[in-house]
Amino acid sequence: MAVTTHPSPGPASDGRHVVLLKSLSTNNRFYALVATDSGLNNADTIDEFPPGLLLGVAYPCLEDGLNDFAVIRTTFETIDYFPDDESMRDELMSIIDEARDKLIRRLTELRDRIADSTAHFLGTDLAEYRGYAMNMVHRGYPRRNLDSMMKLNVFMTVAAQEEASNGPEPLFYYAFRDKTLTGTSSDLTARQFVAAMFSDVLDAVQDPASYGSRHIFDRDVFQKFIAMMFINYATTDPIFYGTHKADYGVSADRDMDNTPLHRAIDAQLREIEARMLADVPTVVAPEIDTAWAEPDINLPQEWANEEVVVGPLASICAAARRLVRLDTPDAVELGRVVLANVAILIDQLKEHGIIGESAYDPTSNNNGPARP
């Protein structure tokens, strides 16, 4: 069962309130308690998070990583359209390399801050998290259910391309790259175990062998990240999903203090802070044998739309950039028109809520012309 949090009525008398901040060095976003006169507001960016600042991990801290994965996966899809064009492949692989570097920075910070207790999953029972994860290691979990609940088409697609079949209902088994971790997981605290899972995904991201094709990337990397997200949702109080309509539209121009999400985060961060100040010792929790029960996960439909819509648009943009580089005025103009119109389409899709505000924008790529 996920941790149940009773939200506070609003900012406490110490004058601090919850803000969502983004690090320019890693692109991670975390929640933090800051003084109202700090000059920091919701959706602000900072160079990097100070080492001792207490950070909260909730929506959209993990979801942001999906953008980097989307860049890699849609770029692989685009490569398939140009099988005999080596120069195009080299150019597209440079896009993948850039996205991989961003993922490495993002996941390294998450792993390190979870390990040193400066970042905390909010509303999450970490012992239950470990129990879910180890069940996924030993017993597996239906691939079809993972795709359905996470609004993706990844786990069944991977299974369809693998020779080994799990029968009529394929199962996904989480496999640690370090095989010894499976047998020693009970020796770790729940927090150490979660940090180890981030380290496992990070190792897969850093491995050059993970980038042979989209299928290999999905099989060896993306599935693992999505499985971690699924386990996080399954063991977290739904109030921290950020899917309540009152929680939408985090910005510096909006008073978020009394939204359901920010009230819950305020209460949870203060509770964690008080526990740390009291120096409550960390106890190694026993391994939990969590019975599989379908968690009530209600994620935004925008996720499914991003998978279906943004991928083909990324391929169109890749072809348009190729036109822009041709030494023909008409081709250059045609390419720029295509990019400009895709940019307009992306903005409209976001405005109408068909894809999320943070969805990958294929017209804003550092390896091509600036977004029109």
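Ser-117 lies in the loop that joins helix H2 (86-115) to strand E5 (119-121), where helices (H or I, at least four residues) and strands (E, at least two) are DSSP runs numbered from the N terminus. This is a predicted model, in which local features need pLDDT of at least 70, side-chain atom pairs count only at pLDDT 80 or more, and totals for chains, interfaces and linings use all residues. Residues are numbered from 1 along each chain as its sequence is written, and side-chain values use heavy atoms, with hydrogens and water left out.

Q: What is the phi of Ser-117?
A: Most residues other than glycine have a negative phi. Ser-117 is not a glycine, yet its phi is positive, at about 65°.

Q: Is Asn-27 buried, partly exposed or exposed?
A: Asn-27 sits in the loop between strand E1 (16-23) and strand E2 (29-35). Buried means under 20% relative accessible area, exposed over 50%, and partly exposed in between (1.4 Å probe, protein chains only). Because its relative accessible area is 22%, Asn-27 is partly exposed.

Q: Which residues is Asp-68 in contact with, leaving aside its neighbours within four places in sequence?
A: Asp-68 belongs to helix H1 (residues 65-79) and is buried, with a relative accessible area of 6%. Taking contact as heavy atoms within 4.5 Å, its partners beyond those neighbours are Ala-99, Lys-102, Leu-103 and Arg-106.
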